[in-house]
Each structure stands twice: as C-alpha cells, then as structure tokens.
Amino acid sequence: MIDRDKVIAMTKAAMDESKNRKKSSPAKNYYADDYVSVQVLKGILGMTVVYVLLVSCWALYTADVWMTYSLEQILEMGKYLGILYLCVLLASILILILIYTLRYSQARRTLREQQNDLRRIRNHYEHTEKRREG
C-alpha cells in the first residue's frame, strides 16, 4: 500500500533538490574560504580587464591633450590612475567578499534543509519498518 505522507515527503525533497541544485552547489563542492577566494579572484581579474579597457579608451580619446603634456605630468597622471585603481580594487574586493560569503551561507542553509528533508524520509522508513516487524 502506498503511504501518502512518504510520497509527499519524497516529492517535496525531489522538487527542492532540483529547484535548488545550482544554488546549493557551492556548499557541496567547496569549503567556504576556497569558494570566496576563487570568486574574489575572478572578480579582481574581471575588474582589472574592465579598468584597463576604460583607461585605454579614455587615453585614446584624449590623445591630443596627452601630446601637450610633459613627462612629469604624464607620470603624475599615471600615479593618479594607479591610486584610483587600488581604491577601486579594494572597494570591489570588500564588496565581493561580502556578496560571496552571503551566497555561500545561503547555499549551506539550502543544503541543510535538503539534508533535513532526507533525514525525515529516512526516519519515516525506519518507523514504517519497525511497525511492520513488531
């Protein structure tokens, strides 16, 4: 005979697992520090590429003005751009750490809920077996 509660619990667990598979994968595949570090490094690389492209476009757009600058003025502008890059880099690192730490904790929470669902199903099976035996 089909146990209605068992079918409901199994269906709910299967739906939750398929719905949250991508969301909970960081918690399954990585330790928290590893996940956050990898994502921050990806963010730093992407931010650096975008910064270099933007500065290059700006330099090409204002090339006629650059031709009138002396070497000291160009070096001063390079120093300013370097400091700006470091400030943007620091701010983006802090934001990325916050974002990916929160995402990892949400994934852990989702994974914990899935494990609790499976534990309930297992307990239901054990309880049913004990009832049959005794």
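User: What should I know before I start?

Analyst: This is a predicted model, where local features need pLDDT of at least 70, side-chain atom pairs count only at pLDDT 80 or more, and totals for chains, interfaces and linings use all residues. Residues are numbered from 1 along each chain as its sequence is written, and side-chain values use heavy atoms, with hydrogens and water left out.

User: How many helices and strands are there in the chain?

Analyst: Helices (H or I, at least four residues) and strands (E, at least two) are DSSP runs, numbered from the N terminus. Here the chain has five helices and zero strands. Its radius of gyration, taken over C-alpha atoms, is 27 Å, well over the 14 Å that the globule rule (2.2 Å times the number of residues to the power 0.38) gives for 134 residues, so the chain is more spread out than a compact globule. The C-alpha trace spans about 95 × 25 × 15 Å along its principal axes.

User: Which residues make up the largest nonpolar core?

Analyst: A nonpolar core is a set of buried Ala, Val, Leu, Ile, Met, Phe, Trp, Tyr and Cys residues joined through side-chain atoms within 4.5 Å; buried means under 20% relative accessible area (1.4 Å probe, protein chains only). In this chain the largest one has six residues: Tyr 35, Val 36, Val 40, Leu 96, Tyr 100 and Tyr 104. Helices α3 (32–61) and α5 (71–133) each supply at least two residues of this core.

User: How much of the chain is buried?

Analyst: Of the 134 residues, 20% count as buried.

Terms used: Buried means under 20% relative accessible area, exposed over 50%, partly exposed in between (1.4 Å probe, protein chains only).
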